[in-house]
Amino acid sequence: MDLTWDIDREGDASLVRCRVRNDDAVPRRVRIESRLGAPVLPPRRGGLPESGWDEAGVTLRLDPGERRALGFAARAPPTDPPVEIADVEAVDTAAESVSEEPIAGVERSGSATAAALRRLGDHRPPRAATAGGAGELKDASPAERERSSSPTGDASPGESAASDVDDGDTFDDDDTFDGSDTFGGGERDADPDDSPSASRGPTEWFDAVGTRLDAVEARIDRAERLTDADLAAATEAVAEADGVEELSGLDQRVAADATRLRELSERASALAARAAETEAPVEALEQLA
Amino acid sequence: MILAVAGGKGGVGKTTLAYNVAAALDAVVVDADLGMADLPGGRGPDLHDVLAGEADPIETLRAGPVDVVPCGRTLAGARAADLRRLEAAVAAIERERGTVVLDCPAGRRADAGVPLAVADACLLVVSPRAFALADAIRTRALARELDAGLVGCAVNRVTEEPPTDAIADALGAPAAVVPADPRVGRSVAEERPVVDAAPDSAAAEAVRELARRVPR
């Protein structure tokens with residue numbers, strides 16, 4: 001049995017990679033254990049550890065000449081060596097089919113779910129897609145309401161742009177996306193007096209997006225005018241923004257806008273491409289109706 | 001009896017067929033499309049809440065012409081959903097209501113596989129176009145591996161005579177042709193299953209034919 005390893009430190013965790021090879025002429029079952037001072041965090045899929053792993057290490061069955069690469073993490077400083085071969089035993093091929101079954105799962109269907117989770121790709125949307133999503137939706141609403149009820153909230157168009165600069169959360173904090181009932185869901189339903197525009201048509205939905213983009217554009221205009229501005233232009237921009245404090249944080253907000261706009265643009269063009277790909281045979285359907 | 005309605009490709013009419021077959025079976029339809037729910041929603045708890053361990057499956061049942069277990073529409077909810085809870089949840093609904101139809105998502109990820117693993121049988125939906133058939137064949141292979149017996153396939157939204165025999169041979173199950181009918185297309189949004197709205201139509205007969213193949 002041939003074992004090589006490699007270890008990296010990442011924050012307070014150690015990441016261990018190893019390769020194991022069965023150089024015998026018969027199948028072997030090998031037990032590899034961690035020597036790190038913390039439980040093994042095994043590879044997981046859908047929340048389930050890969051089969052064979054436990055918190056001390058992994059048990060593998062290797063055919064003659066078979067090589068396997070594995071890796072795990074542990075919240076402990078590196079040691080040398082990080083892993084060791086605890087046990088190697090011959091595989092009784094006759095008993096194999098019987099002994100494997102109870103390990104795989106308690107009952108047939110339970111193991112089918114586990115098997116599906118282990119073998120298939122993760123279905124969950126990436127964390128980045130939900131960061132700043134639902135949780136902030138709720139938090140932002142009261143602040144938003146407070147702001148609109150404050151005396152400065154009686155908005156002429158110019159001022160409403162300025163108050164938009166204020167909130168800085170253009171894409172996060174309200175119902176930009178939920179006119180179509182795609183993202184709003186439960187969060188909005190929990191909040192009856194802030195009833196979202198369930199009856200809004202598709203055009204109004206795009207209008208709402210347009211309004212939002214206008215607000216962002218106003219902010220970017222302002223940032224552009226301040227970019228490499230001479231004193232006169234800068235003074236003018238500050239005066240227009242009702243004082244320099246109105247401009248505080250403008251750079252971060254515009255940078256955040258840039259990120260969000262880029263994400264939005266990628267998503268929008270991907271959707272547009274998909275929309276262009278479809279060809280619903282509406283006319284044929286109508287004729288048949 | 002738990003029937004999964006799957007199909008590999010998106011947009012072939014899985015949700016519509018699941019809803020209408022559930023109507024013909026007098027079953028509950030569960031919106032198991034965690035990332036892109038399509039069945040009518042509701043205000044109460046939904047499947048996301050159940051899979052996050054925050055609701056009882058029975059309290060998510062939403063009465064209608066066809067009773068629905070709706071699914072949340074948020075990405076955060078889809079992320080929080082733990083598919084290991086699906087089996088027990090569906091089993092609880094089955095105990096309460098008898099027959100359950102699972103509307104599966106497209107693709108071959110865990111969210112498509114676990115409903116097949118949980119189901120007793122599956123029904124594949126294909127559109128009469130070649131590229132959709134390739135996806136259906138892959139889903140067929142997945143269903144076989146996960147032990148969901150194929151009871152039939154629906155060739156959906158047919159406007160011209162499709163190569164039904166070729167499709168049935170490729171998938172290894174009898175193929176029923178569901179003709180394109182706008183009443184089927186509208187049935188989910190209007191919550192009027194075609195077997196009620198137009199019981200004499202060819203589409204309704206095709207849906208009943210599919211339902212008859214489901215062992216009970």
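Q: What percentage of the 289 residues in chain A do buried residues make up?
A: A residue is termed buried under 20% relative accessible area, exposed over 50% and partly exposed in between (1.4 Å probe, protein chains only). The model is predicted: local features need pLDDT of at least 70 and side-chain atom pairs count only at pLDDT 80 or more, whereas totals for chains, interfaces and linings use all residues. Side-chain values use heavy atoms, with hydrogens and water left out; residues are numbered from 1 along each chain as its sequence is written, and chains are lettered from A and ligands numbered from 1 in the order in which they are written. Of the 289 residues in chain A, the buried share is 28%.

Q: How many helices and strands does chain A have?
A: Helices (H or I, at least four residues) and strands (E, at least two) are DSSP runs, numbered from the N terminus. Under this definition chain A has ten helices and eight strands.

Q: How many salt bridges are there over all chains?
A: A salt bridge requires a side-chain nitrogen of Lys or Arg within 4 Å of a carboxyl oxygen of Asp or Glu. By this rule, the count over all chains is 22.

Q: In which helix of chain B do Glu209(B) and Arg212(B) both lie?
A: The side chains of Glu209(B) and Arg212(B) form a salt bridge, 3.2 Å from N to O. These two residues are three residues apart, about one turn of the helix. The element that holds both, spanning residues 202-212 of chain B, is helix 10.

Q: Is Arg213(B), which meets Glu209(B) in a salt bridge, partly exposed or buried?
A: The side chains of Arg213(B) and Glu209(B) meet at 2.9 Å, N to O. Glu209(B) has a relative accessibility of 27% and counts as partly exposed. Arg213(B) has a relative accessible area of 24%, so this residue is partly exposed.

Q: Which residues are linked with Arg208(B) in a network of salt bridges?
A: The residues linked with Arg208(B) in the network are Glu205(B), Glu209(B), Arg212(B) and Arg213(B).
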